[in-house]
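Here are some notes for a colleague who is opening this structure for the first time. Please keep the sequence and the 3D view at hand while reading the points below.

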Amino acid sequence: MDARCARKVYANEKSLTGKYLMELCNILKYDRSLYPGKAVFFYKTPDSDFVPLEADINKVRGPKSGFTEAFTPQFSPKNISPQDLTHNNILTLEECYVPPNVEHIFCRFSLRVQANSLVPSGCSDPDVFSLLEELAKTFKECGGYKELATRYCRNILLGTWLWRNQNTGNTQIEIKTSKGSCYLIGNTRKLAWESKWASDDLKVLEALSNEIESALTDPNVFWSADITAKIEASFCQEVYPSQILNDKVKQGEASKQFVKAKCADGRYAVSFNSVKIGAALQSVDDWWDEDASKRLRVHEFGADKEIGIARRPPNSEQNFYSIFKNTEWYLSALKNCITNKNENIDPAIYYLFSVLIKGGMFQKKAEAKKA
């Protein structure tokens with residue numbers, strides 16, 4: 001039975017057997033399980049293995065070409081002269097480019113993985129705590145964590161975390177783990193999520209996902225990895241680090257600024273912040289629809305930032321809280337998977353645990369005490 005059929009069967013069974021609703025506690029939280037660090041950009045020279053990639057500050061002439069420059073919200077032309085639209089706005093921006101004669105740039109970050117989804121880090125109801133602990137134990141026994149580990153690994157090995165910088169030359173990714181392993185993907189441009197991977201790349205995916213699965217399921221395993229992308233660069237091509245979200249820009253400061261990491265010599269290397277790296281690794285949710293065309297970043301309501309809608313809205317049965325309340329039913333479904341090896345894990349359970357691995361506060365608001 002494939003995942004799509006399983007989704008329909010489970011939905012029908014729930015409608016027939018009814019739902020067992022678990023009460024959300026006044027205190028219920030999970031610590032996150034994935035801890036990425038900053039991803040730092042640098043390049044190498046004959047004299048140094050680490051030269052920070054720095055940002056330039058430039059003043060540019062921004063054209064007045066926006067809708068609001070010429071029209072009212074009602075689409076009526078503003079009373080302006082034609083010359084007004086030829087003027088420019090002087091903007092101060094940070095930009096980043098590969099230095100001349102540098103053929104490769106590098107982007108490197110570290111990742112720690114901990115088994116924090118096995119039990120809540122805080123729970124005000126002992127019965128709920130025990131139920132969630134049993135759910136995670138049964139999910140582990142079914143091998144569910146391996147599927148999630150494999151998905152995180154795909155995003156690591158595909159260089160999803162490079163974001164716009166993926167659209168460049170050939171990219172090699174090297175992973176060194178705390179277990180002493182060293183994995184290498186020769187060229188991410190030859191791989192895609194849905195494509196058939198070469199046997200060597202599949203071996204890397206399998207071995208790395210086994211290490212991450214172990215770290216997600218064993219509290220005694222302290223696992224980390226050092227991950228480096230080597231990107232083939234064109235002459236003086238533009239690089240896209242994270243931007244700082246500035247609500248207010250001081251006089252004379254750049255209105256667009258990059259996230260940076262201060263190096264030992266006092267220079268600043270442009271970087272991705274850890275949240276952006278985590279967002280890429282957790283872009284695994286294609287369970288939101290049986291014909292899903294994209295993988296969303298894990299979110300309680302399936303936020304699709306590209307078109308600005310929730311794919312798992314509150315009025316659906318697919319949002320995290322609606323699924324979470326049915327923990328007892330899903331526990332029963334997992335136990336059925338253990339006894340019947342032909343049964344597949346309900347996609348909603350994979351989604352549920354991807355949210356728990358993300359971590360967060362999941363309690364309801366405490367009711368006001370009566371006078």
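1. In this predicted model, the charged end of Arg-164 is placed over the ring of Tyr-240, at 3.8 Å from the ring's centre.

2. Trp-163 belongs to the loop between helix 4 (144–158) and strand 9 (171–177), and it counts as partly exposed because its relative accessibility is 31%.

3. Asn-101, likewise not a glycine, has a positive phi near 65 degrees. This residue lies in the loop that runs between strand 6 (88–95) and strand 7 (104–113), and with a relative accessibility of 71%, which is over 50%, Asn-101 counts as exposed. As background for both points, most residues other than glycine have a negative phi.

4. How many aromatic pairs does a search of the whole structure find? The search gives 19, and one of them joins Phe-301 and Tyr-321, whose ring centres are 5.8 Å apart and whose planes meet at 40 degrees, so that the pair is classed as tilted. The pair links distant parts of the chain, 20 residues apart, with Phe-301 in the loop between strand 15 (296–297) and strand 16 (303–304) and Tyr-321 in helix 7 (residues 320–325).

5. Phe-301 is partly exposed, at 27% relative accessible area, and Tyr-321 is partly exposed as well, at 23%. Both residues belong to one aromatic cluster, which also includes Tyr-30, Phe-320, Phe-324 and Phe-362.

Notes. Residues numbered from 1 in each chain as written. Predicted model: local features only at pLDDT ≥ 70, side-chain atom pairs only at ≥ 80, totals over all residues. Heavy atoms only, no water. Helix = DSSP H or I, 4+ residues; strand = E, 2+ residues; numbered from the N terminus. Buried < 20%, exposed > 50% of the residue type's maximum accessible area, 1.4 Å probe, protein only. Phe/Tyr/Trp six-rings, centres within 6.5 Å; stacked < 30°, edge-to-face > 60°. Lys NZ or Arg CZ within 6 Å of the ring centre and 35° of its normal.
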